[in-house]
Amino acid sequence: MNAPTPLRSLRAEFPVLETCVYLNSNSTGALPRGVQQVLDRYWDTMRAWRDDAWGGWLDELAAYIRTLSEFLGAPTGTVVTDTNLTTLLGRLATCFDFRGERTQVLTTDSEFPTVPFLWQGFARYGAERVVVDFDTDAVVSAIDERTLLVCVAHGTYTTGALLDLERIVERAHEMGALVIADTFQTVGVVPLDVRALGIDFVLGGAGKWMCGAHTAFLYARKELLPTLRPAATGWFAGRDPLSFRPAEDWAPDAQRLAGGTPIPLTAMISRVGLELLAAVGTQSIREHSLRCTDRILTRAADAGIPVRTPRAVRQRGGVVCLAFPGDETVRKRLAARGLVCSWREGMRVAPHAYNTLDEVDAFMDAVIAERTALRG
């Protein structure tokens, strides 16, 4: 059985699917054809430049943030965007004082390289990084009265394994700590309602499962906003940036976590894919993703291919990591045949809402044939 009708109609919006079996959304999400209109419109603006174009661009940026907020279940005024997650996390980190009794930042051993590197840098300001296994029980057990921040990925970039954010948030709040979740590897394929979760901060980006460009976002819980005074800031974080006067105070909402001049183009591109996904709905996306990853897991088991991704639904995101015997030359051979995945500590296979079970089977047929050839 293939994708339900709404997902089949979504598939027609992604031109890359006309040329290959694209199972690489955990690395780079496919872009919808509507992006071409955005780029054409952008060029038309640039070739006949007038300064008042900024008015329209800022309206476009605001519209993207509104759509993104609805997608995340976030209240108005709690989401800000920038070019990448690293910039936003670093800016958020400057809001905290690490000189008191609480100095610990709890992370795991499976964070994207940004996280350990950034908190290593903040050690000069007193931050003490504590590293535990990527395991919900391990994270929960390590939170104590010395923990200031729990900064963890919702899902790993290697195997797609998930943490239980609900349990982590509950324990952190019991102990007076705040939680920062990096959802870059999950947002768009695993449902996330930030308000229902009660989480303090959520970071993510559009370039993977959200079918967008290089646009990152930061959600901050509304009650915390008045306490956030970033040292790493820029003119767009001021209360009235378009007055072009020196800021006397930060903006009252999440805009206070902005930096310098924004880049509207990436948000304009990202809005196209986000609106398509929002129309389908996160629950439908998740259900289809699980159908596809279940098929990969079943076929891998039948073929005797080890899997590094947890099998339990609550413990896995949208990617399945196969412990494939061989090296990246296999990935290149598959790509030459129009079967696209990624390789990082194993073969990572990532079907999205626009893929079909037939594509998953075609890919696994080829993988099993490769394995047979290697063993032979």
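Ala138 is partly exposed, with a relative accessible area of 23%; buried means under 20%, exposed over 50%, and partly exposed in between, for a 1.4 Å probe and protein chains only. This is a predicted model, in which local features need pLDDT of at least 70 and side-chain atom pairs count only at pLDDT 80 or more, while totals for chains, interfaces and linings use all residues. Residues are numbered from 1 along each chain as its sequence is written, and side-chain values use heavy atoms, with hydrogens and water left out.

**Ala138**
- Ala138 belongs to helix H6 (residues 136-142); helices (H or I, at least four residues) and strands (E, at least two) are DSSP runs, numbered from the N terminus.
- Not counting residues up to four places away in sequence, Ala138 touches Val132 and Asp133, where contact means heavy atoms within 4.5 Å.
- Thr108 is 30 residues from Ala138 in sequence and 9.0 Å from it in space, C-alpha to C-alpha.

**Leu203**
- Leu203 is buried, with a relative accessible area of 1%, and lies in strand E7 (residues 201-205).
- Leaving aside neighbours within four places in sequence, the contacts of Leu203 include Leu85, Leu88, Leu89, Ile180, Phe184, Phe217 and Leu218.
- Between Leu203 and Thr114 there are 12 Å in space, C-alpha to C-alpha, and they are 89 residues apart in sequence.

**Nonpolar cores**
- The largest nonpolar core has 57 residues, and those with the most contacts inside it are Leu72, Val150 and Ile199; such a core is a set of buried Ala, Val, Leu, Ile, Met, Phe, Trp, Tyr and Cys residues joined through side-chain atoms within 4.5 Å.
- Helix H3 (residues 53-72) gives the most to this core, with 6 residues.
- Domain 1 (7-30 + 281-370) and domain 2 (37-278) both give residues to this core, so it lies between them; the domain bounds come from an automatic or database domain assignment.
- Another core, of 35 residues, lies apart from it, with Phe96, Val105, Ala254 and Ala258 among its members.
- Leaving aside neighbours within four places in sequence, Val150 is in contact with residues including Leu106, Val139, Ile168 and Ile180.

**Helices H2 and H9**
- Helix H2 (residues 34-47) packs against helix H9 (residues 264-280) at an angle of about 155 degrees, with their axes 8 Å apart; axes are lines fitted to C-alpha atoms, for helices over the stretch in contact, and angles run from 0 to 180 degrees between N-to-C directions.
- That angle makes H2 roughly antiparallel to H9, a label for angles over 145 degrees.
- Gly34, Val35, Val38, Leu39, Arg41 and Tyr42 in H2 meet Leu265, Met268, Ile269 and Val272 in H9.

Methods: Angles under 35 degrees count as roughly parallel, over 145 as roughly antiparallel, 65 to 115 as roughly perpendicular and the rest as oblique.
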